[in-house]
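Hi,

Have a look at the model first, then read on.

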Amino acid sequence: MTSALKEIYEKTGEYEAFYTGGGIQWTTDGGHFLCQCDDIIKVIDVNTLCNTLTIGETADEKDDSDQIYTFQMSHDNQTVVTVHKSGLLKLWDRETGQQQKVWRCGHKGAVAKLAFDSNDANIASGGTDGNIRLWDINYHTCTSSLKGAMGVFTVLKYHPDISKQLIFGAADDTKIRSWNSKSGKEDLIYTGHFSKVTSLQFTPDNEYMISSGRDRVLILWKLGESKPVRVLPVYESIEATILMPPSFRIPNFKKKLDTEGIFVACAGEKGIIKIWNIQMSCLMFEQSNSLVSSSTEEGGLAITNLLFNTARNMISVVTADHNIIVHDLETFTCMKQIIGFTDEILDIIFVGKDESHIVVATNSRDLKYYELGSMDCKLLKGHTDIVLALANFPTRPDMFVSSSKDNTVRIWAQVTNQEIKCFGVGARHTASVGSVFTSQLSDTFFTSVSQDNCLKIWTVPKDLDTVDQKIIPSHTELAHTMDINCVAVSPNDKIIATGSQDKTAKLWNDELSLLGVLKGHRRGIWCVRFSPVDQVILTSSADSTLKLWSIADLSCLKTFEGHESSVLKVDFLSKGQQIVSSGADGLLKLWNIKSSECKMSLDNHDGKVWSMVVSKSEEQIITGGSDSKLVTLKDVSAERREKLAKEREEQIIQEQELMNLLHDKKLVKALKLALRMERPFHVLKIVNEVLKFGHEKLTDTLKEINNTQKETLLKFAAEWNTNNKNCHAAQLVFNILAPEIISGNLKVPSLSNFIEGALPYTERHFERLTNLLQDLNFISYTVNCMQPHPVKSIDQN
């Protein structure tokens, strides 16, 4: 039975980046994150992950964006101040996103840090020029300029006790300086760090402060004393700290109000949170369930920020990969994982019997496991370098394979909807593994290809309970002379196809004996796919074409042209009758194989569409690309066909009704129906029929229709007027409706097709009608014909 062909897919959802690095803050109630995303700030609902508000974009700047360097939210969460590349400071309303004030920062370079004082009346800006400027928010005037530091400010904070009138800052010179915020005079220099200072916290009693740095220490200071009270080595570069509340509970420890000590949570290079009692130099807690991979470089970053929310008693970890991981403080269990920026999306697969989840490979060593309904995400750790490709088993939808730049392949199994584990690791390739494909009839083997030019067949272990067991390939073949980009397995598991940068595709049997070579592409081949029903294979290439080949004689059957750049992914639809393709031009195209016609072209991406996956039912397509977007598409072909069928049915009924009205000589009703159906020929036929009863009858008839119908009639009359046979009726219609046009009751877009002499005029209408005709581009009239003259009948004309 012939499968119904697809006609159109419509976008049903789009998941895009909302945090691309830089500033991030958590509202006091714990309900929203404010995330810096390129040139704007997005307000994200923590529960729904929806972008509820955008701050930083005005109507004047939509075409010419002004990059945001950093931002700061006031303590009462009412206002946000942003600093821009243009040197402007802008004040925004946090609830509405409306811009309230704009003023120049006055710094000689960019502004790196902002800080509000405790009562939100003043804000400080720390620049790359080593200066701090203090601003009165109400009058946006500079009250002081604080000098003394050298380099870019990395820390800037007002002391929480407003009576002390102190502001603290640390720049590239590694010294922490304090100034009197009222007089602008330097108060004290705290010397102790030997590298970049990354954070500063003040104790509740306002007597001490704690600083952290890239020099792998935490330092406890007493205010007013320039020498450290205690230096605590933590053996890793620290990027963020949190001062724990007066009383809290963490695993294996409970701090009461009367317990002595200053407790600080810190994180950085190793990707784990540690809580120290800095007064006793004691490690109280070390996170064991971290989802953040440690930095691959010494002194590098894994965690860039820590945020604590008192209202929810939760800690949020912000990673170098722009992920936000929310932990419950008491149990340190992961409550939510939020993916702020996925970078380039390299591959996507459906997982699970009901295809309710997807696994996404991005420019990251961690896989991202999404629940499609809520887009809740979990990170799957295992690979040690960027994951390049994914493939699932059609016979075991809860099992899939991944390959990576770490030269390995891994087999994963979905234990529950919430848990996925890796039970097999293969490490026999000697270069990046660029593509994998699974058996179509079983779950016993899969194939992989690599930049080492080798094709391998791997046996899947039967023991699914042992984690990370080693697997070895059953067959290996040096398949191509250049990098192999793709591999595919035929529906009967008898043939394997590979595509390479050497511009060829090759066919192999299940023991990796060469069956044939497909030559014809002018550039490297990006994707190969077997037809689910016919003995044909589909290839796509960097030469912007798709080719359909016969497996029997290796001949090229068809070439599809239409993409403007490399065609990166292809797949068959409608039981092999159609093809869907995605390319580096950002387009998704739907092709009919029989007619070689492109039925649909969708432009949902701003860059290369690296990945595309089609659901089993072919009802849904998900695409991902270099623009960090995940776009979901739904097949609406059936709905469109039903809609067209319904419209045709209604049209037939209306046509029959029109014929009946004409037959019964009910000309007014027939005219109204014909105008509503927009049938110029039928309207002309009705007008001519009415004219048989005289001009007065036509005048009376036109009085029966409303202004919208009269405007439609005038548009039709302009069309009739281009034909000598029909111009008589057209000019009569215009004569009758001219007074209404002159009075402005009727709005006519263009009447330039009427010929001269269609209207009689009186002196008082001449000037107004002249202007009207000029507005309507009524070029057929000449000045001579529009001069006032006696009214003539149409017959005399």
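Let me start with one serine. Leaving out residues up to four places away in sequence, S199 touches V155, I210, S211, S212, A240 and T241 (contact means heavy atoms within 4.5 Å).

Before going further, a word on what you're looking at. This is a predicted model, so local features need pLDDT of at least 70 and side-chain atom pairs count only at pLDDT 80 or more, while totals for chains, interfaces and linings use all residues. Residues are numbered from 1 along each chain as its sequence is written, and side-chain values use heavy atoms, with hydrogens and water left out.

Back to S199, which sits in strand β18 (residues 197-202). Helices (H or I, at least four residues) and strands (E, at least two) are DSSP runs, numbered from the N terminus. S199 is buried, with a relative accessible area of 8%; buried means under 20% relative accessible area, exposed over 50%, and partly exposed in between (1.4 Å probe, protein chains only). Its side chain makes a polar contact of 2.5 Å with that of S212 and another of 2.7 Å with that of T241. A polar contact here is a pair of N or O atoms within 3.5 Å; within protein, one must be able to donate a hydrogen and the other to accept it, and residues adjacent in sequence count only if both atoms are side-chain atoms.

What does D93 do without a salt bridge? This aspartate, found in strand β8 (residues 88-93), is buried, and the nearest side chain of opposite charge, R94, is 7.4 Å away. (For charge, Lys and Arg count as positive and Asp and Glu as negative; His and the chain ends are not counted.) A polar atom of the D93 side chain lies 2.9 Å from the backbone nitrogen of E95, and one lies 2.9 Å from the backbone nitrogen of T96. Beyond its neighbours within four places in sequence, D93 is in contact with Q78, Q98 and Q100.

Now the salt bridges, meaning a side-chain nitrogen of Lys or Arg within 4 Å of a carboxyl oxygen of Asp or Glu. The whole structure has 20 of them.

- E207 and K222 meet at 3.9 Å, N to O. They link distant parts of the chain, 15 residues apart: E207 is in the loop between β18 and β19 (208-213), K222 in strand β20 (residues 217-222). E207 is partly exposed at 34% relative accessible area, and K222 is partly exposed at 26%.
- R249 and E330 have their closest N and O atoms 3.5 Å apart. R249 lies in strand β23 (residues 248-250) and E330 in the loop between β30 (323-328) and β31 (334-339), 81 residues apart. R249 is partly exposed at 38%, as is E330 at 39%.
- D347 and K569 meet at 4.0 Å, N to O. They come from strands β32 (residues 345-351) and β53 (residues 567-573), 222 residues apart. Both D347 and K569 are buried.

There is also a salt-bridge network linking K11, E14, D606 and K629.

Last, an open sheet of four strands, ordered β10-β11-β12-β13 with antiparallel pairing (two strands pair if DSSP finds at least two bridges between them). β10 (111-116) and β13 (141-146) stand at the edges with a single partner strand each, so one side of each has no neighbour in the sheet. Five bridges join β10 to the antiparallel β11 (residues 122-127), and L114 has S125 as its bridge partner in β11.

Cheers
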